[in-house]
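Open the model in a viewer and keep the selection panel at hand. Each stop below says what to select and what is there.

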Amino acid sequence: MEHLLNEKHHLVRKTLAEFALKEVKPYAKVIDEQETFPNETVKKMAKMHLFGLPFSTEHHGAGGDTVSYAIAVMELSKVCATTGVILSAHTSLCAEPIYRWGTESQKKRYLPDLLSGKKLGAFGLTEPNAGTDAGAQKTKAIEHDDHYILHGSKIFITNAGEADVYIISAMTEPNEKHKGMSLFIVEGDTPGFSVGKKELKLGIRASSTKELILNRVKVPKENLLGKKNKGFMMALETLAGGRIGIAAQAVGIAEGAIEQALNYTSQRKQFGKSILSFQNTQFVLAELETKKEAAKQLLFKAAKYKDLGMPYAKEAAMAKLFAGETATEVTQKALQLFGGYGYTREYDIERMMRDAKITEIYEGTNEAQKMVIANSMMKGVKS
Ligand SMILES: Cc1cc2nc3c(=O)[nH]c(=O)nc-3n(C[C@H](O)[C@H](O)[C@H](O)COP(=O)(O)OP(=O)(O)OC[C@H]3O[C@@H](n4cnc5c(N)ncnc54)[C@H](O)[C@@H]3O)c2cc1C
């Protein structure tokens, strides 16, 4: 699949790899330890037009495609998974649904700032009692004259507090479960809208993960995204695109970990020779490289299908499932090759291992991906 990348894709990779090494890697450890959102890096990413990467220039995007976007998230995540997810959540979960379902006036109002990176985006679907079962959510949107009143709360929201624009799901027909959900564009400074508890996490610690509180937030009707009561389907489709971003994050983490393990084992000597010269080390690395490359193929396949306008939900779920499992396995086994040093904070590998786990959980757990894949396989099969 990689041989199908065009010159532009190779250029994105080269540019992003250089940027990641020079501007992201030096801060990855410290922002993780201090759990501070990397505002300066985000500004630099905006200057590079990364926040509008897969969108057309007509809407102030960079004119790239999903494959370029996947490469960008991958290269950033190779050195800092936090930075990778900031870009992924903004692009796939906020800019993309507005780009896809927004009215002309919504696009004019929100896309120039979002795609130029002047404003950051986020997506609020999850609630305390509505995770995998997203249709069980309790946040309500009550219609009044020319506006809706949104009332409820969201948890675990990436970029919360740092974002200016939020896609928020709420029940417009609370008795209809998922058939009564709608999506709204909510501006971060709307009265009644606030950020609550910050989550202290195992990994991606510099990424902002917070609660959102909606206390009778007045949202104009013109901010309803797409059709009323069609929010559930739109959320599922948004997450399908998001899974390409998370698969890219996972492949990036795995690739970075393999690189680190290769370097370390070539330097570290035991029994008078480098531990890389032991066949066990070589075989472990060979297996990890093979799995990482397989994950990358699935990732590029899903991204390519999306770019070609083909159905890609199953492909994106397979890519995320396999890439997430691979990132977890690769980082754990790579850490083992570092021995005791890998367990200390001196090396990046322990952070990579902590960061990898989330790729098996957010934007649908591994189990949720299996449901998507199996449902797609069972279509048309009588049972
Ligand atoms: C760091 C982080 C960032 C996040 N960012 C966002 C964000 O930006 N926006 C947003 O809306 N959400 C976000 N989330 C939420 C995330 O998508 C959910 O945590 C995830 O979908 C799982 O939901 P849950 O945590 O409620 O787990 P649950 O749904 O309670 O699941 C618990 C376990 O049960 C399993 N399970 C549940 N149902 C089934 C079933 N039917 N069959 C088999 N197994 C099942 C799950 O796979 C899992 O293993 C984020 C979460 C984290 C941790």
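Select helix H3 (residues 66–79) and helix H7 (residues 279–307) in this predicted model. Their axes are 8 Å apart and cross at an angle of about 145 degrees. To see the contact, show Thr66, Val67 and Ala70 on H3, and Leu299, Phe300, Ala303, Lys304, Lys306 and Asp307 on H7. By class, this contact of H3 with H7 holds five nonpolar residues, one polar residue and three charged residues.

Stay on alanine 70. Which residues is alanine 70 in contact with, leaving aside its neighbours within four places in sequence? They are Ile244, Ala248, Leu299, Phe300 and Ala303. Leu299, Phe300 and Ala303 also belong to the H7 side of the helix contact.

Next, widen the view to the largest nonpolar core, which has 116 residues. Ala70, Phe184 and Leu299 are the residues with the most contacts inside this core. Helix H6 (residues 231–267) supplies its largest share, 17 residues. In soluble globular proteins, nonpolar side chains tend to be buried together.

Now colour by domain. The domain assignment gives domain 1 as 2–120, domain 2 as 122–229 and domain 3 as 233–378. Taken over C-alpha atoms, the centres of domain 1 and domain 2 are separated by 23 Å. Across this boundary, 24 residues of domain 1 are in contact with 19 residues of domain 2. On the domain 1 side, select helix H1 (7–34), helix H4 (81–101) and helix H5 (104–116), each of which supplies at least two of the residues that touch domain 2. H4 gives the most, with eleven residues. By class, this side of domain 1 has 15 nonpolar, six polar and three charged residues.

Then go to strand S1 (residues 121–124). Is each face of S1 covered or open? Both are covered: Gly121 and Phe123 on one side are buried, as are Ala122 and Gly124 on the other. Glycine 124 stands opposite isoleucine 168 of S4.

For the last stop, select strand S2 (residues 140–144) and strand S3 (residues 147–158). These two strands run antiparallel and are joined by five bridges. Histidine 144 has histidine 147 in S3 as its bridge partner. Two residues lie between the strands of this hairpin, where aspartate 145 takes a positive phi near 45 degrees.

Key. Residues numbered from 1 in each chain as written. Predicted model: local features only at pLDDT ≥ 70, side-chain atom pairs only at ≥ 80, totals over all residues. Buried ≥ 20, exposed ≤ 12 C-beta atoms within 10 Å, placed from the backbone. Helix = DSSP H or I, 4+ residues; strand = E, 2+ residues; numbered from the N terminus. Pairing = 2+ DSSP bridges. Axes fitted to C-alpha atoms, helices over the stretch in contact; angles between N-to-C directions. Contact = placed C-beta atoms within 7 Å. Nonpolar A, V, L, I, M, F, W, Y, C, P; charged D, E, K, R; others polar. Core = buried A, V, L, I, M, F, W, Y, C linked by C-beta atoms within 7 Å. Domains from an automatic or database assignment.
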